[in-house]
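My notes follow in the order I checked things.

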Amino acid sequence: MKELRFQLEAIKNINTYDTVGFDVLLRAGIPNHLLFSEYCSINPDLDEYILQKALETVCNSYSSEHIYLLKVSLALLVRSPEYLSKVPTNFFFDLNSNCFISNVDYIEALQKINERIFIDGMALGHSNIDILRRIKPYGIKIDREILGTSDDDMKRYLETANNIAEIAIVKRIENHHELERIRSLGASYAHGYVFYEGESDV
């Protein structure tokens with residue numbers, strides 16, 4: 001298989017500008033959310049291969065002071081939960097919400113490992129928030145679409161996310177105007193182009 005290339009995208013505390021961790025992104029010509037929600041779900045060997053390569057890559061620049069978000073398919077964690085015990089506790093598994101949003105069995109499985117997962121791509125609907133409350137993941141990644149809501153709605157959603165998870169990250173913040181707006185309405189963490197300093201290709 002062609003050598004995999006990963007990129008570490010910094011996750012920032014937007015009050016201090018400290019880097020708190022990294023989103024480990026696979027650069028494969030396929031959007032990560034499609035790769036892990038569709039292709040890997042039907043190809044377990046590919047899923048495990050990508051995870052192993054991601055772990056090897058991160059270990060080359062590992063710091064115990066940061067968290068690392070590793071994208072995996074839900075199928076892998078359900079099939080092989082022992083992976084949770086194979087990685088340091090500051091590594092979290094990043095799951096796309098589309099994989100389980102309508103599957104009660106998967107939601108129950110995630111409740112058992114909630115302290116080791118981030119849920120990516122949760123939107124603004126009440127049903128999505130109800131699922132978050134049921135799972136209580138360690139972290140939530142909030143879609144950029146939140147920027148299209150009113151200040152009151154955004155503040156309410158950020159308060160809810162912060163109450164559910166230890167870390168709620170607003171994704172793909174592109175400029176300082178967006179950054180100041182989410183900060184003023186209750187966000188504490190974000191990633192995106194506004195922080196771009198040539199993120200690590202590893």
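Accessible areas here come from the Shrake-Rupley method with a 1.4 Å probe. The model is predicted, and I kept that in mind throughout.

**Surface and overall make-up**

The protein chain exposes about 10,000 Å². Carbon and sulfur atoms supply 47% of that area. I then asked what share of the 202 residues is buried. Buried residues make up 54%. I noted 7 helices and 9 strands in the protein chain. For contacts with a separation of 6 or more, I found that 59% join residues 24 or more positions apart.

**Aromatic pairs**

I searched the whole structure and got 8 aromatic pairs. I took Tyr-17 and Phe-195 and asked why the pair is classed as edge-to-face. The ring centres are 6.1 Å apart and the planes stand at 75°, so edge-to-face is the class; the cut-off for that is over 60 degrees. Next I looked up where the two residues sit. Tyr-17 is in the loop between strand 1 (5-13) and strand 2 (19-27), and Phe-195 is in the loop between strand 8 and strand 9 (200-201), so the pair ties together parts 178 residues apart in sequence. Are these two buried or partly exposed? Tyr-17 is partly exposed at 36% relative accessible area. Phe-195 counts as buried at 7%.

I moved on to Phe-118 and Tyr-138. This aromatic pair is tilted, with 6.1 Å centre to centre and 55° between the planes. Phe-118 belongs to strand 5 (residues 117-122), and Tyr-138 to the loop between helix 5 (126-135) and strand 6 (139-142), so the pair ties together parts 20 residues apart in sequence. Phe-118 is buried, with a relative accessible area of 0%. Tyr-138 is partly exposed at 27%.

I also logged one aromatic cluster formed by Phe-22, Tyr-62, Tyr-68 and Phe-91.

**Helix 7**

I finished with helix 7, residues 176-184. Which of its residues are buried? I listed Glu-178, Leu-179, Arg-181, Ile-182 and Arg-183. An α-helix has 3.6 residues a turn, so residues three or four places apart point the same way. I then checked what covers the buried residues of helix 7. The cover includes helix 6 (151-164), strand 7 (167-170) and strand 8 (189-190).

At the start of helix 7, a side-chain oxygen of Asn-175 comes within 3.1 Å of the backbone nitrogen of His-177. After helix 7 comes Gly-186, with a positive phi near 120°.

Terms used:
Residues are numbered from 1 along each chain as its sequence is written. This is a predicted model: local features need pLDDT of at least 70, side-chain atom pairs count only at pLDDT 80 or more; totals for chains, interfaces and linings use all residues. Side-chain values use heavy atoms; hydrogens and water are left out. Buried means under 20% relative accessible area, exposed over 50%, partly exposed in between (1.4 Å probe, protein chains only). Helices (H or I, at least four residues) and strands (E, at least two) are DSSP runs, numbered from the N terminus. Contact means heavy atoms within 4.5 Å. A polar contact is a pair of N or O atoms within 3.5 Å; within protein, one must be able to donate a hydrogen and the other to accept it, and residues adjacent in sequence count only if both atoms are side-chain atoms. Rings of Phe, Tyr and Trp (its six-membered ring) pair if their centres lie within 6.5 Å; planes under 30 degrees apart count as stacked, over 60 as edge-to-face and the rest as tilted.
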